[in-house]
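Hi,

Here is the structure I promised to pass on. Have a look at it first, then read my notes below.

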Amino acid sequence: MAETGDLVSIPALLHRNAAAFPRQPAYREKEFGIWQVWSWAEAASEIRAIALGFLALGLQRGDHVAVVGRNRPALYWSMVAAQMCGAVPVPLYQDAVAEEMVYVLDHCGARFVICGDQEQVDKVIEVQDRIHHIEQVVYVDKRGMRKYDHSRMNWLEDVVAEGRAAHRRFDEELDGRIAELDYDSTCVMLYTSGTTGKPKGVVLSNRNIIETSKNSVAFDGLRPGDEVLAYLPMAWVGDFIFSVGQAMWTGFCVNCPESATTMMNDLREIGPTYFFAPPRVFEGQLTNVMIRMEDAGRIKKALFRHYMEVARRVGPAILDGRPVSTADRIAYWIGDKLIYGPLKNTLGFSRVRVGYTAGEAIGPEIFDFYRSLGINLKQLYGQTEASVFITQQPDGQVRSDTVGVPSPGVEVRIAETGEVFYRSPGTFVAYYKNPESTASTKDAEGWVATGDAGFFEEATGHLRIIDRAKDVGKMADGRLFAPKYVENKLKFYPSILEAVVFGNGRERCTAFLNIDLAAVGNWAERNNIAYSSYQELAGHPKVYDMMKGHVEEVNRSIAEDPMLSGCQVHRFLILHKELDADDGEMTRTRKVRRKVIEEKYHDLIAALYDGRTSIHTETEVTYEDGRKGAIRATLRIEDAATHGASAQRMAAE
Amino acid sequence: MNALDVTMDETGADERRIGGVLMEMKNITLRFGGVKAITDISFDIREGEIRAIIGPNGAGKSSMLNVISGFYVPQEGEVWFRGKRRPQMKPYEVAQQGIARTFQNIALFEGMSVLDNIMTGRLTLMKTGLWSQALWWGRAQAEEVEHRAKVERIIDFLEIQHIRKTPVGRLPYGLKKRVELARALATEPKLLLLDEPMAGMNVEEKEDMCRFILDTNDEFGTTIALIEHDMGVVMDLSDRVVVMDYGKKIGDGTPDEIRSNKAVIDAYLGVQHD
């Protein structure tokens, strides 16, 4: 028997929750302007009905059930219902175009697809002429579905009704299948977004998910009565751990927003106690606050500035429980009443006890801003193959430049090459239908290569990540090239949305920049700079001047680190379009795909190195509906001042 | 469990059906002083169809729509609605009859929120009096909750949840148009009149609007009469098209028939006079 007693599967945890706290809220969703609530008992009954309905439709043990749509209780329930039937849920990225869905649907061989709405159904229908194993499509939102051929398609509520009606027929079968689930049966299969090559299906067992949930819940003291907002893609491992694994293990409530566009409002209404967001969400919120403060009256501005200064000085210390003078404590208390409290309330963070950010490096100013307000924002480092957690920051030991200590139950070691390896109960079972990749990632002793380069700080025992191991390269003169390090420094400026740095094997580094339309647009408005399009704003001479300033500042800071001083950006250009996942330039989790960009914009890169001051280019773009178009532009190339590099090079020669 | 179990008046029919004649215009002539805006036009609108009125600038399309809505009373001719000859009516009587419209130049209450604007569309359907509404007591409260529930359905239908509480004056043009459509839908119309629903929109906004018009027609079975300049939109959307030029009807039929109609082509492309 496993270490967790009888609780060896998600359905078993659901059963326990329905018995232990039947009336506590389990799921909330805002619909028609009102938060609808389902208690654990109600959710358990719904999920069972869905499972019975799936049996009636002929779902078999071991089948893969693809789930695609925005975060909704019905879709979470479908995943658990599939597990009850002995099938494996496979959540997919809802914003993937049909082309991208083909590969995953084909690879997992899904017989059932659960769709959120008509948009997703259309994509499934579109791919059905190429793959033929999809037998049943079930949709949640009925809108616009009336005219579709329903011979192999069902509305989820009809499935539920059928399941309820047929319960005498299938009760025994369903109970049998739930009883068959053990600690080693597959819990979920998640496709990695794949910065390189095709996505891989990561098979995670009940042991992986439940052990990880148990350990991480204990680490942060999560408890029933906590609230999370489920708004990150369901296909992402983090959402599965937070909204399914930890929620089921602890019995806390999962809240689903009304739509992607109302997320910020819903966040405020719910006031989660446990919150996760990638850095860009925190960045976006901070940018918004700053923009709105610019428009505030003089007194408010002065108050804000004064008390934010107080917070910057003593806030993190108070949060970490370090000694702070009484005068400062009083000042902070007043600031909390006047500024921090109302601000946290506006942002929806009044009740946050544990907040995490991960996925990308977060700017130190942004990180410190939230912490100084008294929000316990921490960093973690993880990946799909580890069921998220590799390292995380304990309360009171939080810094913006580290990712924390190994999570409970996780062993971490650094190889001679600098690559980070780990071994844990959350370590994935295998890549689906891909034994070669499994073998090359996970060795016989269970150690997994993360593909990231990093090191442990000797004084604190915290891990620091520098870059992707394969991206860390050498420049022509042998100096270290760590593009991500430079890009992150650039991206910490609110006006820079993305940056791509080149220089591997070359003499000097150069960069592409993407402006952040919200921040730069606002700046332009306040400085009376007229523009009619993204492209025009991006190419504006004053925007170039501002960017040049940012690049030169970054160069100065890089020059201070002798190891990395070769990475200073000598020349840069501002791209005429945003890098976009629809064009394949980024992954769905918004990580830059270097290879694709290098190929697509080879003409621009050439121009960066041959000394031209401008270049004319034409770029293919894909619209949201999958159609293609082209944009033409003449881009300026700008030189940026560097520090000490030439002297060093001379010395090296 | 689902606290909100209100169903919109869905037709329930599995096939989208085009029924009998809902409105018929018989030999309409409209004059402003000596100017003839409309000359002897007859056509009908069938239940459940999307009917477009097109024509070059100044052809009399908006006048025609105003005759349909009862705002203009023609000097000659008859308007028949649901089998009865329609007498001269006040605007609120028209609304009570089940006709709703949107305007070419958006006519919303700029200072009010999106939600309140749409709620005004429910006004003709409210039964409680001024005093009980002002006190918000008993029946009036229950009624408001009921109306709010229907309005929320429409907000969901048109995907404008995120601007529910935003004052209309702060919205971009394309969204205002959508709010106006929402308000018209809130009256639960039998016949919906759209005056240039796509004017001034970009391609993406137009595509959204097309989808909402088709969905409205499909989900609620609403009959729609629209004026539009964008020929591509008209030909894709409508079941039948009336073409006007200089106040006269020069064509009437399905989009395909109109496309090959000589008089229409001449009116749009111009004719060479030898």
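**What I found**

Let's start with Gly70(B): this glycine comes after helix α1 of chain B and has a positive phi, near 90 degrees. (Helices are DSSP runs of H or I with at least four residues, strands are runs of E with at least two, and both are numbered from the N terminus.)

Before going on, this is a predicted model, where local features need pLDDT of at least 70 and side-chain atom pairs 80 or more, while totals for chains, interfaces and linings use all residues. Residues count from 1 along each chain as written, chains are lettered from A and ligands numbered from 1 in the order written, and side-chain values use heavy atoms, without hydrogens or water.

Back to α1(B), residues 61-68: seven of its eight residues are buried, so the helix is largely enclosed by the rest of the structure. Among them are Met64(B), Leu65(B) and Val67(B). (Buried means under 20% relative accessible area, exposed over 50%, partly exposed in between, using a 1.4 Å probe and protein chains only.)

Now the salt bridges, meaning a side-chain nitrogen of Lys or Arg within 4 Å of a carboxyl oxygen of Asp or Glu. The count over all chains is 61. In one of them, Arg240(B) pairs with Glu49(B) at 2.9 Å, N to O. Arg240(B) sits in strand β9 and Glu49(B) in the loop between β2 and β3, so the bridge ties together parts 191 residues apart in sequence. Arg240(B) is buried at 15%, and Glu49(B) is buried at 1%.

There's also a salt-bridge network that includes Arg143(A), Glu159(B) and Arg178(B).

Cheers
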